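Morning, everyone. Please bring up the sequence and the model, and keep both in view while I talk.

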Amino acid sequence: PYAKYFLLTLSEISLFWAILNLLPILPLDGGRLLETILGPGNINVTLWISIIVAVGVGICAFAATGQPILPIFLGMFAYQAFQALKQD
């Protein structure tokens, strides 16, 4: 029973991180995919989408769980995208 619990928990964590990684937030893989689809000329659009999605998912995650770690993590990505917008 412990091995089954361990493997189930491990698979849930892996699935969670895979889905999180596909969100269209730079520098995650989903953000890189969005950047490629929109093209290098639309980096500002990519950065704005990253900010909006990161803040939205962070708020939803905090509302659902009450845990601050994921919103802090996503807030860091939103801040990095905002800094990149200020540089342009």
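Start with the rings. Phe16, Trp17, Phe73 and Phe77 are linked into a cluster by ring pairs. Rings of Phe, Tyr and Trp (its six-membered ring) pair if their centres lie within 6.5 Å; planes under 30 degrees apart count as stacked, over 60 as edge-to-face and the rest as tilted.

A word on the source. This is a predicted model: local features need pLDDT of at least 70, side-chain atom pairs count only at pLDDT 80 or more, and totals for chains, interfaces and linings use all residues. Residues are numbered from 1 along each chain as its sequence is written, and side-chain values use heavy atoms, leaving out hydrogens and water.

How many aromatic pairs does the structure hold? Three. Take Phe16 and Trp17: the centres are 5.5 Å apart and the planes at 70 degrees, so this pair is edge-to-face. Next, Trp17 and Phe73: 6.2 Å between centres, planes at 85 degrees, so again edge-to-face. That pair links distant parts of the chain, with Trp17 in helix α1 and Phe73 in helix α4 (residues 69-87), 56 residues apart. Helices here are DSSP runs (H or I, at least four residues), numbered from the N terminus.

Phe16 has 41%, so it is partly exposed. Trp17, at 44%, is partly exposed. Phe73, at 29%, is partly exposed too.

Now a contrast. Thr46 lies in helix α3 (residues 43-65). Its relative accessibility is 0%, so Thr46 counts as buried.

How values were computed: Helix = DSSP H or I, 4+ residues; strand = E, 2+ residues; numbered from the N terminus. Buried < 20%, exposed > 50% of the residue type's maximum accessible area, 1.4 Å probe, protein only.
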